[in-house]
Amino acid sequence: MTSTTGTTTVAAYAATAPDAPLSKTTVERRALGPLDVLIAIEFAGICHSDIHTARNEWGGTKYPIVPGHEIVGTVAAVGSGVTKHAVGDRVGVGCFVSSCGGCEPCRTGFEQHCTNRVTGTYNSVDRDGSVTQGGYSTHIVVTEHFVLRIPDGLDPAAAAPLLCAGITLYSPLKRWNAGPGSKVAIIGMGGLGHVGVKIAAAMGAEVTVLGHSLSKRDDGLRFGAVDYRSTEDESTFKELRGKFDLILNTVSVNLDLDRYMSLLRLHGTLVGLGLPEKPLSVRAFSLAMNDRAMAGSNVGGIPDTQAMLDFCAEHGIGAEIELISADRINEAYDRVVASDVRYRFVIDASTF
């Protein structure tokens with residue numbers, strides 16, 4: 001790390017084109033402002049969104065791009081007005097690093113829905129016009145409001161994926177009142193779903209996993225599920241009909257949603273968390289019968305994210321991870337696409 005005229009040059013890994021492997025580079029971090037925190041990154045999780053962005057599969061990627069929005073590190077320096085964090089604190093950064101602060105969503109703790117545009121941790125135009133660069137680097141500068149406290153009870157490497165996967169599942173579970181007496185199904189037990197099983201079970205809900213096979217059944221039961229069913233088995237949809245209060249769909253493929261809606265009980269809700277390429281389709285009768293609902297959910301605001309981290313620390317919840325060095329990022333991307341990881345890759349930032 002080198003510093004010139006207030007900015008800091010740090011080592012990073014970036015994608016330079018949709019079909020180019022990520023490679024080692026450097027990026028400039030802004031000078032520390034009064035409300036800024038300089039974080040020395042220890043761990044950076046790999047999210048499938050990183051891959052979609054690096055490969056421009058969603059369009060709009062601004063190259064070169066440093067991905068990474070599951071960041072854990074320690075505070076290296078703080079601006080003169082920072083009061084929430086001190087040098088040496090272990091902290092985290094999730095999916096966004098700025099918002100307007102004045103609109104209703106921002107004022108009520110839903111910064112991810114900022115009506116004046118939330119600023120993503122990477123590939124987003126910041127308030128100063130620069131393009132944000134993410135956590136595949138040694139250091140990052142973030143405004144203190146968007147820097148989260150990592151509780152002492154969390155393993156820092158296993159905590160990194162919680163900044164995206166954890167809050168993505170915690171937020172709808174909290175909103176739709178998962179807890180004792182409720183029955184929750186989670187479609188897919190990958191990088192998102194496995195964390196959801198742990199959190200829902202810790203909330204006291206009765207959890208069932210709906211997977212395309214039974215290959216992860218033992219893991220699912222170990223994480224807290226009481227049942228694990230294959231969606232390839234037609235009896236699953238007959239035996240579980242009308243059973244669940246809440247279904248969380250974590251997969252990013254287009255499913256026959258009418259089949260899954262049939263598993264909801266009176267006033268039940270199916271919440272989509274994955275992002276399929278094609279529009280979703282569901283019959284009106286699937287919604288009208290039993291007053292069922294279909295909804296979406298997009299991560300969570302800063303208050304909920306901190307509450308999620310505290311909850312996970314209290315209940316001993318972390319992601320199941322495979323820790324890798326930076327020179328294995330491209331291999332890890334290919335393995336994520338091939339579903340060859342149980343369950344999240346995390347990069348050791350000391351290897352950038």
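**Salt bridges across the chain**

Lys-243 and Glu-206 join their side chains in a salt bridge, with N and O 3.5 Å apart; the term covers a side-chain nitrogen of Lys or Arg within 4 Å of a carboxyl oxygen of Asp or Glu. Lys-243 sits in the loop between α7 (234-239) and β14 (244-249) and Glu-206 in strand β12 (residues 206-211), so this pair links distant parts of the chain, 37 residues apart. Helices (H or I, at least four residues) and strands (E, at least two) are DSSP runs, numbered from the N terminus. Lys-243 is partly exposed at 22% relative accessibility, and Glu-206 is partly exposed at 31%. Here, buried means under 20% relative accessible area, exposed over 50%, and partly exposed in between (1.4 Å probe, protein chains only).

The model is predicted, so local features need pLDDT of at least 70 and side-chain atom pairs count only at pLDDT 80 or more, while totals for chains, interfaces and linings use all residues. Residues are numbered from 1 along each chain as its sequence is written, and side-chain values use heavy atoms, leaving out hydrogens and water.

Across the whole structure, the search finds 20 salt bridges. One of them pairs Arg-344 with Glu-70 at 2.3 Å, N to O. Arg-344 belongs to strand β18 (residues 344-348) and Glu-70 to the loop between α1 (48-54) and β5 (71-78), so the pair ties together parts 274 residues apart in sequence. Arg-344 is buried at 6% relative accessibility, and Glu-70 is buried at 0%.
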